[in-house]
Amino acid sequence: MKVLIDTDPGMDDALAIALAHKSADLTIVGITAVTGNLTSDRTVANVLRVLDLLGAEDLPVAQGPLLPLGGAYPSDPFSHGPDGLAGSDLPASSRVIDARSAGELIVDLVNEHNGEIALCALGPLTNIAEAMRLDPDLPSKVSRLTIIGGSFGATPYAWTQATGDNPTSEWNVFVDPEAAKLVFHGGFPLTAIGLDVATHPAINFRDEDLARLRASDQAEAELAVRVVEFVQGRGYQSYCSLIDSTAVATLIDPALVTTETVLCDVETEGRLTRGMTVVDRRRHHEWQDLPRIDIAVDFDHARFLDLVTTELTR
C-alpha cells in the first residue's frame, strides 16, 4: 500500500514513521510536516532527522504553514522534550526540504497516484485542509484518510486521557478545529483513531516488549526505549509513545481495529468545547446533515504491541 504521512514529530510520530518504514506492507511516497506538537519548521527538521536515523531512502518531504487556519498556535500541556524527540539529540540532517508546500506536495502525489494513496494524518489537519483548497476533488482521489484525532465516547479514555488544553478535546483537533471541520465535511473515506482506543492503558508496552527493545541493536528500538523512559520519568504511561503508531498499524493490519460509522462534527467555539468532536447518537431527531465518519471503537492491543515490537526490532 502506498502511504503519504502528514505528521508533527513528536516522539510518537517518530516511532510511527519508523513503523511505516519498517513494514513490508507499506511504501511511503512522501511526508509532510504540520504544526502540532511543535511548529512546522521544527517538525519538518525532525522528520529529516528520523529518516536519517532509519537510513531511509530519499523521499519528498515538505513543510506546512507555521500557524493553524485559526491563526493562533495554542500552548501544549504535554511536552515532547526540548527537541520534540524525548531529548534524543539526533543530529541535524543534510537532506533538502521539497520546494513545494505541504499542500502542494499532497495534491501532486495524490494526482500522480490517483486512487492508490492512503493518507495517514498523525497531527492537526491544517495541511490536508490546504490540499483540499488547492484541489477540491482530493477526497475522491485517495483510497482512505486515516487520522489520529478526536474523542468519541466509545471508552472512558475519550475523556480521562483528554490531550487538548480544555476538558473535552483531543490535541490534534484542538490545535486546528477549523481545519478538522473542513476535512470532516470534505467527503473523504475517513477513519478516525481517537483517544478512545489510542490512549487505552492496554497499549502500554509490556515488560517482554521492553526487554526485546532493549536487547535490540536497531536504532529505532533504541529510540523507542528512550521515549518510554522519558514519558515514564514525567509520570505518564508508555502508551504516550505509541499513540500515532495505532493509525499506521491499522494500515498494515486493518483487522486490528473495529470501527463504527457515526454522525460527527467539530466544535470550533467555546472555552470548554473548542476542538470537541461531537457525535450525534440520538435515536430520534439526529442531525442527518452532519458528516459521516468511521471511528475506532475497539482495538486488538496485544496484537498491536506484537506488531510494533517485531517491526522495531527487525
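Predicted model: local features only at pLDDT ≥ 70, side-chain atom pairs only at ≥ 80, totals over all residues.

Select Gly10, which sits in the loop between strand S1 (2–7) and helix H1. Helices here are DSSP runs of H or I with at least four residues, strands are runs of E with at least two, and both are numbered from the N terminus.

Residues are numbered from 1 along each chain as its sequence is written, and side-chain values use heavy atoms, leaving out hydrogens and water.

Next, jump to Ala86, in the loop between strand S3 (61–63) and helix H3 (102–112). Ala86 isn't a glycine, yet its phi is positive, near 60°.

Now show H1 together with helix H2 (residues 40–54). Their axes are 10 Å apart and the packing angle is about 45°. Axes are lines fitted to C-alpha atoms, for helices over the stretch in contact, and angles run from 0 to 180 degrees between N-to-C directions. H1 and H2 are therefore oblique to each other; under 35 degrees would count as roughly parallel, over 145 as roughly antiparallel, 65 to 115 as roughly perpendicular, and the rest is oblique. Pick out Ala14, Ile17, Ala18 and His21 on H1, and Val50, Leu51 and Leu54 on H2, to see the contact (heavy atoms within 4.5 Å). By class, that gives six nonpolar, one polar and no charged residues. Nonpolar covers Ala, Val, Leu, Ile, Met, Phe, Trp, Tyr, Cys and Pro, charged covers Asp, Glu, Lys and Arg, and the others, Gly among them, are polar.

Then head to H9 (residues 207–215) and H10 (residues 219–233), whose axes come within 8 Å and cross at roughly 130°. H9 and H10 are therefore oblique to each other, and the crossing is left-handed. Leu210, Leu213 and Arg214 of H9 touch Ala221, Ala224, Val225, Val228 and Glu229 of H10.

Which way does H12 run relative to H9, roughly parallel or roughly antiparallel? The angle is about 10°, with axes 9 Å apart, so H9 and H12 are roughly parallel. Look for Asp209, Arg212 and Leu213 in H9 meeting Leu305, Thr309, Thr310, Leu312 and Thr313 in H12. This contact divides into three nonpolar, three polar and two charged residues.

Last stop: select Phe78, Gln161, Thr163, Trp171 and Ile243, the closest to the centre of the largest pocket among its 29 lining residues. H1, helix H6 (171–175) and helix H8 (195–198) each supply at least two residues of that lining. By class, the lining has 13 nonpolar, 10 polar and six charged residues.

How values were computed. Left-handed = near helix turned anticlockwise from the far one by under 90°. 1 Å grid on protein atoms, 1.4 Å probe; cavity = no way out; pocket = protein on both sides within 12 Å on 5 of 7 lines; lining within 4 Å.
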